[in-house]
Amino acid sequence: MSYIENILLFCLNQLNGERTIYSIYHLLNGKKSSQTLQDAHLFSLQKYFRIIEHLTRETFDQIFSSLLNKKLIEPCGEQRYQLTKAGKDYLLHTPLPYYMNGWRYQPYTLLVWERLSLLIQVASNITFQETKYIPIQKNTEVHIWLKDILKDSLIPKQKLGEFLFSELVDCLEHSREDINPEILVFRLTGYQKIGLTSAQVAKMCNIDTVQYHLEFINILHCLMQTVEEDPARFKVLSSLLANLEQKDSLTLSSRKTWTLLKQGFSPDEIARIRNLKVSTIEDHFVEFAINIKDFSINKFVDEDVQLKILDISRKEATRQLKVIRNSLKSASYFQIRLVLAKYGDRQ
């Protein structure tokens, strides 16, 4: 089967019937809602966040129908599904994109691709002393980045292509077997050579466009991870990761709440100031617990209550708020959500 079907099975297994199938759709699309951000964290699905922003609901439904027809999943509630025994057996041996990390890399993946493709085109034409060609990328910021790289690099321009080729080979040859370099290489433009489109490469490799997209993203994330782990080893490729704007995953509305919280206002006061429901402000606090490393929830939940919530969640093998609340009446739903957001994926 394809990566997308395998990913959906993995996500369903993680959700364990506690969310609808469309929570997965929103996850893959990278919907920046409090619920989707929380689900990515709570169910340890960050690696697949935002990896297929163009996936249509129609295609998504077709994929789910295919899994149903293969009897790998079965309904367990309204718009909720779980894996059958055959589905669980299959998942144990199913290939998943090893390097995929949407939460970490997807905000920068397109930019890194634009930088890489332009850098390779320019290095190739420098090698053959060609000065008349049309840049493959139109992004002005990428052109400025490349000019700065060429100006500051200690590597002679005529040697740039040689270094770049050597580092790419080093990076891809030492990756796992599920990486197919052709997925990337056929897209590259160089001296007297125009790279193919994603659709053309997909057809050449005899795979559908969704599978191609996932393999392409997996390769780029492989490159980014490998270079990030050992930048000194990749003197040219490490420049691809230079000056990437570090953005958090907070929604715009939650950032406004964060500003007021830092000024000392309580959740109730923030709700009044912003003319929002207290429940909406609580959603923002849950986002803080997920995204802000040093955000402490001790002011809102006693430490002994935190331990009890985590213990119940572990023993009952659930992240359903109602189940935990029924076992611990002294804790509010807000407190349970905060604890699961802060520590839920570490269990």
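Before the details, a word on conventions: the model is predicted, so to speak of local features we need pLDDT of at least 70, side-chain atom pairs count only at pLDDT 80 or more, and totals for chains, interfaces and linings use all residues. Residues are numbered from 1 along each chain as its sequence is written, and side-chain values use heavy atoms, with hydrogens and water left out.

Let me begin with the chain as a whole. There are 17 helices and two strands, where helices (H or I, at least four residues) and strands (E, at least two) are DSSP runs numbered from the N terminus. The C-alpha trace spans about 75 × 55 × 35 Å along its principal axes, and of the 347 residues, 47% are buried; buried here means under 20% relative accessible area, exposed means over 50%, and partly exposed lies in between, with a 1.4 Å probe and protein chains only. If we take contacts (heavy atoms within 4.5 Å) with a separation of 6 or more, 68% of them join residues 24 or more positions apart. The accessible surface, computed by the Shrake-Rupley method with a 1.4 Å probe, comes to about 18400 Å², and carbon and sulfur atoms hold 51% of that.

Now to the two strands. Strand β1, residues 73-77, and strand β2, residues 80-83, pair in the antiparallel sense over four bridges, pairing being called when DSSP finds at least two bridges between two strands. Within this pairing, proline 75 has tyrosine 81 as its bridge partner in β2, while glutamate 74 stands opposite glutamine 82. In a regular strand the side chains alternate between the two faces of the sheet. In β2, Tyr81 and Leu83 make up the covered face, whereas Arg80 and Gln82 make up the uncovered one.

Most residues other than glycine have a negative phi, and most peptide bonds are trans. Glutamine 79 is partly exposed, with a relative accessible area of 40%.

Finally, consider helix α13, residues 267-274, whose buried residues are Pro267, Ile270 and Ala271. Seen down the helix axis, these buried residues fall within an arc of 100°, so they line one face of α13; the arc is that of the directions from the helix axis to the C-beta atoms. An α-helix has 3.6 residues a turn, so residues three or four places apart point the same way. The buried residues of α13 pack against α12 (252-262) and α14 (278-291), and just after the helix, asparagine 275 takes a positive phi of about 55°.
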